[in-house]
Amino acid sequence: MTGIMYGYARVSTRGQKEERQLVALREFGVRAEHIVVEKQSGKSFDRPVYQELVLTLRPGDVLVVKSIDRLGRNYEEILAQWGNLTKEKRVAIVVLDMPLLDTREGRDLTGTLVSDIVLQLLSYVAQTEREFIRQRQAEGIAAALARGVRFGPERLPMPEQFAELAEDWWNGRITATDAGRLLQVSRKTFTRRAEEWGQAAGLGRRGP
């Protein structure tokens, strides 16, 4: 018996739109009633919508995502989720942005091997890139401190998720207004602190 094809879409903040992911999933053939959407940070994998979907999946089902980072935010996490779904739950996975990452039945042994290799390579590259960015940020901050730049100890400290939101803002994944709302600070305050964060990290100035 052929399993059910499910689609999973995720956006990191409530200010982001999931329409592009939904369109891609529907065009691939996933029925609307089998598509679930999660609006929550991917910093951890404690996501109720995703976890409920995983519990719903049965052997032979197919999970479709637009990109591999919908499954996790780092190398270990993505591989762990991939292994749990394909080996433990015996669910097929299709990644629309990367046709080689398709474990549905009918693929020969070589295709499956290529899929596993490509997955590990992509996950490793993504993780290495994030670590490189963090290293540059740390070096930039250290250099700024060495030049005598002070980051204002008298200022209200930003919440723990500030760096993640600042990075999302620099990469155009969230607006300053939405980021400020999540941090419970004004748009002006967030923009000023995020600009300082980016300059300290050696990113220069963000364009309009």
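**Figure 1. Arginine 26 and glutamate 19 in a salt bridge.** Arginine 26 is partly exposed, with a relative accessible area of 40%; buried denotes under 20% relative accessible area, exposed over 50%, and partly exposed the range in between (1.4 Å probe, protein chains only). Its partner in a salt bridge is glutamate 19, and the closest N and O atoms are 3.0 Å apart. A salt bridge is defined as a side-chain nitrogen of Lys or Arg within 4 Å of a carboxyl oxygen of Asp or Glu. Glutamate 19 is likewise partly exposed, at 43% relative accessible area. The structure is a predicted model, in which local features need pLDDT of at least 70 and side-chain atom pairs count only at pLDDT 80 or more, whereas totals for chains, interfaces and linings use all residues. Residues are numbered from 1 along each chain as its sequence is written, and side-chain values use heavy atoms, with hydrogens and water left out.

**Figure 2. Salt bridge between arginine 31 and glutamate 33.** The side chains of these two residues, arginine 31 and glutamate 33, meet at 2.7 Å, N to O. Both arginine 31 and glutamate 33 are exposed.

Figure 3. Helices (H or I, at least four residues) and strands (E, at least two) are DSSP runs, numbered from the N terminus. Two strands are taken to pair if DSSP finds at least two bridges between them. Strand 1 pairs with strand 2 (residues 35-39) in the parallel sense over five bridges, and alanine 9 stands opposite valine 37 in strand 2. Three bridges join strand 1 to strand 3 (residues 62-65), also running parallel; here methionine 5 faces valine 62.

Figure 4. The whole structure contains four aromatic pairs. Rings of Phe, Tyr and Trp (its six-membered ring) pair if their centres lie within 6.5 Å; planes under 30 degrees apart count as stacked, over 60 as edge-to-face and the rest as tilted. Tyrosine 8 and tyrosine 50 form an edge-to-face pair, 5.3 Å centre to centre with 65° between the planes. Tyrosine 8 lies in strand 1 and tyrosine 50 in helix 2 (residues 48-56), so the pair ties together parts 42 residues apart in sequence. Ring pairs link Phe162, Trp169, Trp170 and Phe190 into a cluster.

Figure 5. Seven of the nine residues of helix 5 (residues 162-170) are buried, so the helix is largely enclosed by the rest of the structure. The cover over these buried residues includes helix 6 (176-183) and helix 7 (187-200), where contact means heavy atoms within 4.5 Å. Among the buried residues of helix 5 is Asp168, whose relative accessibility is 3%. Aspartate 168 forms a salt bridge with arginine 173, the closest N and O atoms being 2.7 Å apart. Arginine 173 is partly exposed, at 34% relative accessibility. Helix 5 is followed by glycine 172, which has a positive phi near 75°.
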